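This report describes the fold of one protein chain and then looks at selected residues. The sequence and coordinates come first.

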Amino acid sequence: MTSTSPNNASPYGTLPPASSPATRKPVSLPRLHEMHARGEKITMLTAYDATFAAVADAAGVETILVGDSLGMVCQGLSSTVGVTLETMRYHVESVKRGVLRVQGTAWIIGDLPYGSYHESKEQAFRSAAVLMQAGAHMVKLEGGGWTTETVRFLVERGIPVCGHLGLTPQTVHALGGYRVQGKTEASAAQLMRDSLALQDAGATLLVLEMVPAALSAEVTRALPQCATIGIGAGVDTAGQVLVLHDMLGVNLGKNAKFVRNFMADAGSVRGAMETYVRAVKDGSFPVNAEHAW
Ligand code: KIV
């Protein structure tokens, strides 16, 4: 009879045994602050399962976002609005297992899905606890203004937080589509106020999505304690994030302007991720004239 012992090598995938020693130091909150203070770009990529998370970790991606973009790329939904907390918990657990199987280095960010933090600070804490217990090191939530007190509440209770401003996909219907945000003087000033408030509330990272490059550069300069992570926000943010499937060219539609297909010249997924990490670190991706507004 075939043994089902977990010590036997699985024929599916080639992740090493769980006991493989880490060769790099795990990313921590102080390390993220220190990288930001030194001006070293922070790399972030989404991942939703163990294998891609393990490869991203091995490729040197410092922060893995288990984004609710999984609603689109894994579940086939038309927006992130339908993603549930239980689904996010499942994917965070999978990513955590993958990261632990290889380097165990990457910082894992769990996206709080729509409706899981909107009612009250207490609801947000309960939802964040689910993702932290599933293996996240940090949670991400969208929006400014009303989220400030929620962020403060979570940070005071030991939960590191990443904010998300600009194009916030969970409110795509209210925004009227996937459009560049902060183009008017008033909306740019509001985005700056919201960013400062999130920093003051203790957010460590802040995703800026589809924001004019000049504005995100200004916001980045105004936030010494909170590292901006751009996606369609120009080259001057403290770090960059892309959705995994987009940067690997795994889609049937047209990529957004801010995406580069790193797989095109890479030859392997790991190679594509390593090129991405290098390009973010040396500032050659993104290029404002090509990928920003
Ligand atoms: O869910 C996600 O993948 C995100 C990124 C687009 C930043 O929020």
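Two strands are said to pair if DSSP finds at least two bridges between them. In this predicted model, strand 7 and strand 8 meet that criterion with two bridges, and their pairing is parallel.

## Overall fold

The protein contains twelve helices and eight strands. Its radius of gyration is 18 Å, close to the 19 Å given by the globule rule for 293 residues, so the protein is as compact as a globular protein of that length. The C-alpha trace spans about 70 × 45 × 40 Å along the principal axes. Of the 293 residues, 53% are buried. The accessible surface comes to about 13000 Å², and carbon and sulfur atoms account for 55% of that area. Among contacts between residues at least 6 apart in sequence, 64% join residues at least 24 apart.

## The barrel

How are the eight strands arranged? They close into a barrel in the order 1-2-3-4-5-6-7-8, with parallel pairing. From one strand to the next the twist averages 25°.

| Strand pair | Bridges | Facing residues |
|---|---|---|
| Strand 1 (residues 42-46) and strand 8 | Four | Leu-45 and Leu-242 |
| Strand 4 (residues 138-140) and strand 5 | Two | Lys-140 and Cys-162 |
| Strand 5 (residues 161-166) and strand 6 (residues 205-209) | Five | Gly-163 and Leu-206 |
| Strand 7 and strand 8 | Two | Ile-229 and Gly-239 |

Strand 8 takes part in two of the listed pairs: four bridges join it to strand 1, and two bridges join it to strand 7. In a regular strand the side chains alternate between the two faces of the sheet. Both faces of strand 8 are covered, with Gly-239 and Val-241 buried on one side and Gln-240 and Leu-242 buried on the other.

Strand 5 pairs with strand 4 and with strand 6. Six of the six residues in strand 5 are buried. Cys-162 in this strand stands opposite Lys-140, while Gly-163 stands opposite Leu-206 in strand 6.

## Helices against the barrel

Helix 4 (residues 85-101) lies across strand 2 (63-66) and strand 3 (107-111). The angle between helix 4 and strand 2 is about 155°.

Ala-53 belongs to helix 2 (residues 50-58). Is Ala-53 buried or exposed? Its relative accessibility is 0%, below the 20% limit for burial, so Ala-53 counts as buried. Leaving aside residues up to four places away in sequence, Ala-53 touches Ala-47, Ile-64, Val-95 and Val-99. The C-alpha atoms of Ala-53 and Leu-65 are 9.5 Å apart, and the two residues are twelve places apart in sequence.

## Residues in loops

Thr-237 lies in the loop between strand 7 (227-231) and strand 8 (239-242). Thr-237 has a relative accessible area of 1%, under the 20% cut-off, and is therefore buried. Which residues does Thr-237 touch, not counting those up to four places away in sequence? They are Lys-41, Leu-208, Ser-216, Thr-220, Thr-228, Ile-229 and Gly-230. With Gly-230 there is also a polar approach: a polar atom of the Thr-237 side chain lies 3.5 Å from the backbone nitrogen of Gly-230.

Met-210 sits in the loop between strand 6 and helix 9 (213-222). Its phi is near 50°, a positive value in a residue other than glycine. Met-210 has 9% relative accessibility, which is under 20%, so this residue also counts as buried.

Pro-286 is found in the loop between helix 11 (269-281) and helix 12 (288-291). The peptide bond that joins Phe-285 and Pro-286 is cis, with omega about 0°.

How values were computed:
Residues are numbered from 1 along each chain as its sequence is written. This is a predicted model: local features need pLDDT of at least 70, side-chain atom pairs count only at pLDDT 80 or more; totals for chains, interfaces and linings use all residues. Side-chain values use heavy atoms; hydrogens and water are left out. Buried means under 20% relative accessible area, exposed over 50%, partly exposed in between (1.4 Å probe, protein chains only). A polar contact is a pair of N or O atoms within 3.5 Å; within protein, one must be able to donate a hydrogen and the other to accept it, and residues adjacent in sequence count only if both atoms are side-chain atoms. Contact means heavy atoms within 4.5 Å. The radius of gyration is taken over C-alpha atoms; the globule rule is 2.2 Å times the number of residues to the power 0.38. Accessible areas come from the Shrake-Rupley method with a 1.4 Å probe; for residues, only the protein chains shown count as cover. Axes are lines fitted to C-alpha atoms, for helices over the stretch in contact, and angles run from 0 to 180 degrees between N-to-C directions.
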